[in-house]
Amino acid sequence: MVVSRCLGFDHCRYDGSTISAPEVQALRGEVEFLTVCPEMAIGLPSPRQPLRLVGEREPRLLQPATGRDFTAPMRRFAEDFLTSLPPVDGFVLKNRSPSCGIADAKVYASTEKGAAIARRAGLFGEAVRGRFPVHPIEDEGRLTNRALREAFLTAIFALASLRAVEEAGRMSDLVAFHARYKLLLMALGEARLRKLGRIVANAERLPPREVVRLYRAEFQDALRRPLRRPSAANALLHALGYVSDGLSPGERAYFLEAVDEYRAGRVPLSTVVGVLRAWIVRFDVPYLADQRLFFPFPSSLLSPEDSGGGREPR
Ligand code: SF4
């Protein structure tokens, strides 16, 4: 995963500081980081005079204190860096930065004092989004929102696992991968699940690498969408079928009511999933224990903290 270096990895900010980013640091030991500080990569020291985006239409990356224009070096660095990247599963970039920001860097009318006139991606963040349009890309601010963080984690762990399938190049691995993600895909929409199922069935007898390529394109696009409550409710009811025989009428009724509450938007998915997780353990159901809808990333990364901030998933 590519991450802005100032998010707890180095004191590389304009003022010589680093940023405490617990949501990023929690991933240590679980993901491989590739850190980058685009401003230092183009030759700036830390500390340094700050940069800002100037001009609404085609903003330039300027250093007001010196009048220097870093637009071209930054664009060149971004192009070279992103072209030479090994396969990556996602990005976490520093929010609000005129270089790394993915959506909320301030844009000014001039290098003089004055209020911001717009917000947009920084130059490096913009290049990342342009070159990796369907990859999971977040900033550390959005990751404080639990729903956004869990969607991001689900996506990067799914893509890392799919990358292992790609590297092995075996159809049997893809079939097993698809089986593990079946209920998650069902929760994203039956049509998508069916489409991916057809790709895996490979009626045209395409070579495995071509099948995996087609699968990845469709799968990655699926992960970009938020779960749809009616579809997710169907997936939960499907899972109930695997444990239903062992439940009392009261337990079944409780679960059905919880699913109704979720469908109506009155409780989060995690409430219903929590109940199912307990039953998966109680009844020892390997099929469900393997389903990434219930266990999408290492449990050490589960956290109740939620800033309540952030925006809706993109
Ligand atoms: S926001 Fe990006 S450019 Fe700025 S210090 Fe952090 S990593 Fe470096």
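Predicted model: local features only at pLDDT ≥ 70, side-chain atom pairs only at ≥ 80, totals over all residues.

Biologist: Which element holds Val-2, and which residues does Val-2 touch?

Modeller: Val-2 lies in strand S1, residues 2-4. Leaving out residues up to four places away in sequence, Val-2 touches Leu-34, Val-36, Val-88 and Phe-91. Look also at Ile-137. Val-2 and Ile-137 are 135 residues apart in sequence, yet their C-alpha atoms are 9.4 Å apart in space.

Biologist: How much of the whole chain is buried?

Modeller: Of the 314 residues in the protein chain, 36% count as buried. The chain has 13 helices and 9 strands. Its C-alpha atoms fill a box of roughly 75 × 45 × 35 Å along the principal axes. Residues 24 or more positions apart account for 65% of them.

Biologist: Now the sheet. How do strands pair, in general?

Modeller: Strands of a sheet pair through backbone hydrogen bonds, either parallel or antiparallel. Here, an open sheet of 5 strands runs in the order S5-S4-S3-S7-S8, with mixed pairing.

Biologist: Which strands are at the edges?

Modeller: Strand S5 (68-69) and strand S8 (118-120) are the edge strands, and each pairs on one side only.

Biologist: How do S3, S4 and S5 pair?

Modeller: Take S3 and S4. Strand S3 (residues 52-54) pairs with S4 in the antiparallel sense, over 3 bridges. Leu-53 stands opposite Leu-61 in S4. Their hairpin has 5 residues between the strands, and Gly-55 takes a positive phi near 105°. Next, strand S4 (residues 60-63) and S5 are also antiparallel, over 2 bridges. Gln-63 stands opposite Arg-68 in S5. This hairpin has 4 residues between the strands, and Gly-67 in the turn has a positive phi of about 75°.

Biologist: On to the helices. How do I describe two that pack together?

Modeller: Give the angle between their axes and the distance between the axes.

Biologist: Which residues of H8 and H9 meet?

Modeller: From H8, they are Arg-192, Lys-195, Leu-196, Ile-199 and Val-200. From H9, they are Val-211, Leu-214, Tyr-215, Glu-218, Phe-219 and Ala-222.

Biologist: Last topic: the nonpolar core. How many residues does the largest one have?

Modeller: The largest nonpolar core has 81 residues. Val-92, Ile-156, Leu-185, Ala-187, Ala-235 and Leu-236 have the most contacts inside it. Helix H5 (residues 146-168) gives the most to this core, with 11 residues. The core draws at least three residues from each of domain 1 (2-144) and domain 2 (157-314).

Biologist: Pick one of those residues. What is Ala-187 in contact with?

Modeller: Set aside neighbours within four places in sequence. Ala-187 is then in contact with Leu-227, Ser-231, Ala-232, Ala-235 and Leu-293.

Terms used
Residues numbered from 1 in each chain as written. Pairing = 2+ DSSP bridges. Core = buried A, V, L, I, M, F, W, Y, C linked by C-beta atoms within 7 Å. Buried ≥ 20, exposed ≤ 12 C-beta atoms within 10 Å, placed from the backbone. Domains from an automatic or database assignment. Contact = placed C-beta atoms within 7 Å.
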